[in-house]
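Subject: Structure for your review

Dear colleague,

I am handing over the structure we spoke about, and below it you will find an account of what was found in it. Please read the text with the structure open beside you.

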Amino acid sequence: MKFTKFGKALLISALSAGVVFSVTSCIQDYSVGYLYVTGTVTASTSGNGIISGFKIDHNTGQLTAINGLPVSSGGANPVRAVLLTGSRFLYVLNRGVSSNPAGSSICTTAYPCQNSNITQFAIGANGILTPQETFYTQGLNPFRMITDSSGSFIYVLEHDSMINGAPSNSTTNPNPNCAAALTGATTCGDITAFQVNGTTGRLQLIINAQLTAAGGGASLPYFPVPANPVDFLMAGGTIITMSGTATTASTTYPYTGGATVFPYAQNASNGQLTVSQNSAQTLNIKHGTALVSAGAFVFVLDNEAPSPNPTNAASQILPYTVGSNGALLAATSGPIPDDPNQSNPIYLVQENKGKWFYVANQGNNVTGSGTAQSGIAGYVINSPFQPTEMAGTPIGFGSGAGPQCLVEDPSNQYFYTANINDSSVSGQSIDENAGTLRPLSQSTKAPSEYALTGPPTWCLVDGRTN
């Protein structure tokens, strides 16, 4: 078949248009995942909880609100959320409100949180969240929640245990059940464990098969941990809790003053926790704020200067490996100084390629202060392991001080924090060669901050879009 000159011109134009259309289609914007942020509607004492949600743009990192969100978190003062493997269900831990008759918003051992719960949500098309069922823990003042790598079990850390229907304390209401796992203990925190139904997502309480209540009788419905817990994590097949001592621990949330760790071995088949050693391991610190598992290490974040070789840093990062019986073994690098311009580290994330890690520093949480010391410090992971702070950090947030969390997006291009001081989400892009972070407005021309309706408490990313 022959074409006239005019026909050839039309054909060439059509082919050119097709090529242009194909290239345009290749770079078309799409959502690479969803960012969910827990928080409260306002900063009022009622603590009405909500979940906000955003679509993450693959090309720019820009956030777009998910239609239908925010939704109620199912309770007051949501503090943690977990996403199960497969991204079908989201669980939110709501701390509840103080039982103090004077109306204080602060939960304590004497006046614990009331109406705390775990609310289950189904994740639907376009990231929509639909509430399902509500579940309850076995202790008081819950504040941390984790899941194992298989998504088969959920564990909740509670600051206070109960005995005879009341909060346990070492003077007026000691708990003899604490000594079952902890030699000589008269009071303790606890872990409530649940098995997850893989089909419905429903949670079923796991009864402690090793320990029975004091005086015999029924098995305990929880697993005791040392008093004044601050944080916990799962590393391999071990759950490790960090607690404060009577002289270091804070008595109200957010709990700080971590000084010791205590391990439980997890049974991957039934979720049972077995005492690895019935005494706590001393870390020789006084102000531990968080435990984080990243790469091959467990990191203890500590809001005090490195020792015995102090620097200008106000905080430090302590790397460990997990040894036999769950003991933490100090890495040869020793303590890593936090950025000298920041303080109060609360979370750490190792990026997907394993070249760098980043530390979110909450600072002093004073809006408008010239010394907020809040932001992200980035570190290069050298070999052998001796991390050094990278050039170009720390990253500050201006008025958005007080990050509550730090997450990497599913495409490994962006990091996000949710900030308590101005109720916002901040976004940064990552330089794939140097690991440095830049606000989205400087790198992709997308906004760097997104407003929330109230103070945030936690954030997580769902990599499944549908």
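In what follows, a residue is called buried when its relative accessible area is under 20%, exposed when that area is over 50%, and partly exposed in between. Please keep in mind throughout that this is a predicted model.

**Disulfides**

A disulfide is a covalent bond between the sulfur atoms of two cysteines. The structure holds three of them, and if the bonded cysteines are numbered in sequence order, the pairing reads 1-2, 3-4, 5-6.

Another disulfide is made by C178 and C188, with 2.2 Å between the sulfur atoms. Here the torsion about the S-S bond is about -75 degrees, so the link of C178 and C188 is left-handed. Both C178 and C188 are placed in the loop between β14 (166-167) and β15 (189-196), ten residues apart. C178 counts as buried because its relative accessibility is 0%, and C188 is buried with a relative accessible area of 2%.

There is also a disulfide that joins C405 to C459, with an S to S distance of 2.0 Å, and the 120 degrees about its S-S bond make the link of C405 and C459 right-handed. Since C405 lies in the loop between β31 (388-389) and β32 (407-408), while C459 belongs to strand β37 (residues 456-462), the pair ties together parts that are 54 residues apart in sequence. C405 is buried at 1% relative accessibility, and C459 is buried at 4%.

**Two open sheets**

Four strands make up an open sheet in the order β5-β6-β9-β10, with antiparallel pairing. Its edge strands, each of which pairs on one side only, are β5 (78-83) and β10 (129-135), and neighbouring strands of this sheet are turned against each other by 25 degrees on average, direction ignored. Within this sheet, strand β6 (residues 89-94) and strand β9 (residues 117-123) run antiparallel and are joined by six bridges; as an example of a position you can look up, Y91 has Q120 in β9 as its bridge partner.

Another open sheet of four strands has the order β28-β29-β30-β31, again with antiparallel pairing. In this case β28 (345-350) and β31 are the edge strands, each pairing on one side only. Two bridges join strand β30 (residues 375-380) to β31, the two running antiparallel, and Y379 stands opposite E389 in β31.

**The cavity**

Rolling a probe the size of a water molecule over the atoms shows where empty space is left. How many cavities of 30 Å³ or more does the structure hold? There is one, and the largest cavity has a volume of about 30 Å³. The residues that line the largest cavity are V37, T38, G39, T40, I50, S52, L452, G454, P455 and P456. Strands β1 (31-40) and β2 (48-57) each supply at least two residues of this lining, and the largest share, four residues, comes from β1. Sorted by class, the lining of the largest cavity has five nonpolar residues, five polar residues and no charged ones.

**Backbone details**

Two cis peptide bonds can be pointed out, one joining L69 and P70 with omega at about 10 degrees, and one joining Y253 and P254 with omega at about 0 degrees. P70 is found in the loop between β3 (63-65) and β4 (71-76), whereas P254 is found in the loop between β19 (238-244) and β20 (258-266).

N228, a residue other than glycine, has a positive phi near 60 degrees and sits in the loop between β17 (223-225) and β18 (229-235). N344 likewise has a positive phi near 60 degrees, and its place is in the loop between β27 (336-337) and β28. As to accessibility, N228 counts as partly exposed at 21%, whereas N344 is buried at 14%.

With best regards

Conventions. Residues numbered from 1 in each chain as written. Predicted model: local features only at pLDDT ≥ 70, side-chain atom pairs only at ≥ 80, totals over all residues. Heavy atoms only, no water. Pairing = 2+ DSSP bridges. Axes fitted to C-alpha atoms, helices over the stretch in contact; angles between N-to-C directions. 1 Å grid on protein atoms, 1.4 Å probe; cavity = no way out; pocket = protein on both sides within 12 Å on 5 of 7 lines; lining within 4 Å. Points joined across faces, edges and corners; volume = space filled by probe spheres on them. Nonpolar A, V, L, I, M, F, W, Y, C, P; charged D, E, K, R; others polar. Disulfide = S-S within 2.5 Å. Buried < 20%, exposed > 50% of the residue type's maximum accessible area, 1.4 Å probe, protein only.
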